[in-house]
Amino acid sequence: MRAVIAEDSVLLRVGLVKVLEMAGFLVAADVGDADALLTAVDQHRPELALIDVRMPPSFTDEGVRAALVIRRQWPRTAVVLLSQYVEERYAADLLTAHTDGVGYLLKQRVADVEDFIAAVRRVADGGTALDPEVVAQLLLRRRSDPLSRLTPREREVLALMAEGRSNAGIAEALVVSDSAVAKHINNIFAKLALPAADADHRRVLAVLQFLGAAPPN
Amino acid sequence: MRNFRTLRRAFLRARRDTGFVAAGIPLHLALASQWVWGVTIVLKANAWAVVPIPFALFLVGIPTLTAVQRHRCRALLGVDVPRPAPTPERRWPRRAVRWLSSARTWRQVGYHLLLGPLLAAVELLVLAAWAAAVAGVTAFGYASALPVYQTLLCTAGGVVLLCVAPWLAGATARTEARLAPALLGPSRNERLRRRVEHLAESRTDLIEAVDSERRRIERDLHDGTQQRLVSLAVNLGLARATLTDLPDDARTAIDEAHREAKEAIAELNDLVRGLHPAVLEDRGLDAALSGLAARVPLPVGVRVDIGERAAPVVESVAYFVVSEALANVTKHARATRAEVTVERIGKLLRVNVTDDGSGGADASAGSGLNGLARRVGSVDGTFRVSSPAGGPTTLIAELPCEL
């Protein structure tokens, strides 16, 4: 799989190249700003773009805007945003438009190389990866809606779903059995009154509702 | 040698004082002439109706006279007579009315018209004392016709006057140096008002300077140290993941280093957040406070309703208040939840942090609350804590949105 990296700090860019190479990606290009990123994605059509949120020239949300362009123009390229701090609006912008192949992580997570690689692979395979801190902050905001009917355990499970984990991953993280997780998830679906269509679709809807990106139905 | 220096200083001082006093004579006499003019009109022509004319001429001349006196004080004595604030009104008739009705104009009139002739008399006396002193001590030179004892008397008188004249000149100069600023300068009220304005301005500058310095440090740490630490941690993480065939103690060392690097990043993040979080500058209070609340280990409701953003300094004080308050809640309050609201009431930003804990917070003892009150006070805000034993604790800070 090929990847493109956009990060303005040269030091960190070198580190990211090494990490992605270790994860088995072929780094086709590593650039320092959003324009160069779009050119590189257009040229290489990678499976993954790893993008810093703050980049020149204005150091605000260049990365987020580039990520939205990439997801729209080249849907086969998954994007992972790296941010210095949690900005829930960025995460919401990204997740409102797309529910697969997106990730939003804090920069310091890169240091946990194994976890970071797992998250990046998950996104490249079409999954999602949200930073636990992003999730915690979103959870804080959405307290007054149907989500308030969830038990603390169910909220934990939903938060892990939002991070992009599978049932097995959730079971491992909470140290419970797979069937217990399935039961929690069914309770969540019931409490959020999600239609009994296929499981993946309901899962995405639950996460979206959790993130406040979709209105409760 | 020492005596010589003392003598020289005394001489220089006497010269300065006398020069100052002498320069005052024509100025003050000029005013005395107004009196002569006025009195003559009345006595000779018995024409009371014409009296206002010299007086009006005098009034017109007041600003110039005052300026000349101010210059005399500064140039000859080194005493600064501050210039009163200019009359704010621009258009002529109203400006004149304002000028005529202000107390400081009449203080100047008093100085020039009443005190002036008196001062002129004293100043003339000083010069006369000098003249007599010189005449006395040099009596031997020209008074050979007089009997010797009279000449001796003259000389003795001259010597005494030579000692008295500098003292008299000094006393006159000192008195004038006090009178001129009091009557020609701004009044006490005006001086205080100006001082307060100046202090308020310089305090605002200082606070803004401190705040922008915090931001600069934040940026430097973020762009430099933080990136370097993350990069270090990434490399150590890579080493840990790839170097699997190392001896155990080498692996332990790498694990340890990796963990330390990650802790250093976390500590640096906390430090930077305490200084001035980047999210506050970029996204404002709402985003920064929810980030803060999400890291507190108990449920915190956040509601920010302020419309347009407040001044950066005010935002950072508000952030600091909530940050400290939540830290206190976590540490001391045994609370199960907390509420943070920030709202704009007119020109005030009102920050309210409430928890359902055990209460009993004390703002007086050298606590964090004390520091909070100081920081709020630095932007002219008010700070209240209500924390009865048994709770709940409510902390309210009201800050001006603009400095």
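In this predicted model, the axes of helix H1 (residues 10-22) of chain A and helix H5 (113-124) of chain A come within 10 Å and cross at roughly 70°. Because angles of 65 to 115 degrees count as roughly perpendicular, H1(A) is described as roughly perpendicular to H5(A), and the crossing in which H1(A) passes H5(A) is right-handed. In general, two packed helices are described by the angle between their axes and the distance between the axes.

Helix H5(A) also takes part in the second largest pocket, to whose lining H5(A) gives the most, with five residues. This pocket has a volume of about 430 Å³, and its lining comprises 19 residues, of which A:Asp115, A:Ala119, A:Arg122, A:Glu163 and A:Arg165 lie nearest the centre. Two or more lining residues come from each of helix H5 (113-124), strand E6 (128-130) and helix H8 (167-174) of chain A. When the lining is sorted by class, eight residues are nonpolar, three are polar and eight are charged. Since domain 1 (2-131) and domain 2 (142-211) of chain A both contribute residues to the lining, the second largest pocket lies between these domains.

Two features of the backbone were also noted. Most residues other than glycine have a negative phi, and most peptide bonds are trans. The peptide bond that joins A:Pro56 and A:Pro57, however, is cis, with an omega of about 5°, and A:Pro57 is placed in the loop between strand E3 (48-52) and helix H3 (62-73) of chain A. For A:Val175, a residue other than glycine, phi is positive, with a value near 55°; A:Val175 is found in the loop that runs between H8 and helix H9 (178-191) of chain A.

Notes. Residues numbered from 1 in each chain as written. Chains lettered and ligands numbered in written order. Predicted model: local features only at pLDDT ≥ 70, side-chain atom pairs only at ≥ 80, totals over all residues. Heavy atoms only, no water. 1 Å grid on protein atoms, 1.4 Å probe; cavity = no way out; pocket = protein on both sides within 12 Å on 5 of 7 lines; lining within 4 Å. Points joined across faces, edges and corners; volume = space filled by probe spheres on them. Helix = DSSP H or I, 4+ residues; strand = E, 2+ residues; numbered from the N terminus. Nonpolar A, V, L, I, M, F, W, Y, C, P; charged D, E, K, R; others polar. Domains from an automatic or database assignment. Axes fitted to C-alpha atoms, helices over the stretch in contact; angles between N-to-C directions. Parallel < 35°, antiparallel > 145°, perpendicular 65-115°, else oblique. Left-handed = near helix turned anticlockwise from the far one by under 90°.
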